[in-house]
Amino acid sequence: MIYKKIIKNPLEKLTLGKIKKTTYYLTANIFYSGVHFAVRKKIVDTVKLYLKSELRDCPLITKPISISIGYQTNKNTTFDLDNKSYFWSKVICDVLQEMNKLPDDSVKFIQQIHYFYKRGDSELIFQINEL
């Protein structure tokens, strides 16, 4: 293992709008459901800022890696793990590049992505493993 970060009580949704408030859940639907590009950019930029403070201690990645993203909750709910995890994997990879922790998010460096679910207190679990 190169790096592991557990984010307690991660963001699950954002509410935007001054007059008419709209709630957006942080899932892949942000990218695929026809959300206006300006709204999508605001959501992604807000989450990137949030993640930059959480991932600042991530080391420089110079070799091929595997990424694991886990979502943990005690809520009695069902959700699509890939829908929720894809949002986080996309934004986390972009943030690591912007922070110069990852030279490129292509298959040259990221060769595996693994999603998992666990029952428990609300956490987003992010782990980088060397291949």
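At 29% relative accessibility, Tyr 86 counts as partly exposed, where buried means under 20% relative accessible area, exposed over 50% and partly exposed in between (1.4 Å probe, protein chains only). Before going further, please note that this is a predicted model, in which local features need pLDDT of at least 70, side-chain atom pairs count only at pLDDT 80 or more, and totals for chains, interfaces and linings use all residues. Residues are numbered from 1 along each chain as its sequence is written, and side-chain values use heavy atoms, with hydrogens and water left out.

**Aromatic pairs**

A pair of aromatic rings is described by the distance of the centres and the angle of the planes. Rings of Phe, Tyr and Trp (its six-membered ring) pair if their centres lie within 6.5 Å; planes under 30 degrees apart count as stacked, over 60 as edge-to-face and the rest as tilted. How many aromatic pairs does the structure hold? There are seven aromatic pairs. In one of them, the rings of Tyr 32 and Tyr 86 have planes at 35° and centres 6.2 Å apart, so the pair is tilted. Tyr 32 belongs to helix 1 (residues 29-32) and Tyr 86 to helix 3, so this pair ties together parts that are 54 residues apart in sequence. Helices (H or I, at least four residues) and strands (E, at least two) are DSSP runs, numbered from the N terminus. Phe 79 and Tyr 117 form an edge-to-face pair, 5.8 Å centre to centre with 75° between the planes. Phe 79 lies in the loop between strand 4 and helix 3, while Tyr 117 is in strand 5, so here the linked parts are 38 residues apart in sequence.

The table lists how accessible the residues of these two pairs are.

| Residue | Relative accessibility | Class |
|---|---|---|
| Tyr 32 | 60% | exposed |
| Tyr 86 | 29% | partly exposed |
| Phe 79 | 27% | partly exposed |
| Tyr 117 | 36% | partly exposed |

**The nonpolar core**

Trp 88 leads us inside. The largest nonpolar core has 33 residues, and Leu 51, Trp 88 and Phe 126 touch the most other members. Such a core is a set of buried Ala, Val, Leu, Ile, Met, Phe, Trp, Tyr and Cys residues joined through side-chain atoms within 4.5 Å. Elements giving two or more residues to this core include helix 2 (37-54), helix 3 (81-98) and strand 6 (123-130). Helix 3 supplies the largest share, seven residues. Not counting residues up to four places away in sequence, Trp 88 touches Leu 11, Leu 26, Val 47, Tyr 50, Leu 51, Ile 69 and Leu 124; contact means heavy atoms within 4.5 Å.

Cys 58 is buried, with a relative accessible area of 2%, and Cys 93 is buried at 7%. The structure holds zero disulfides, a disulfide being a pair of cysteine sulfur atoms within 2.5 Å.
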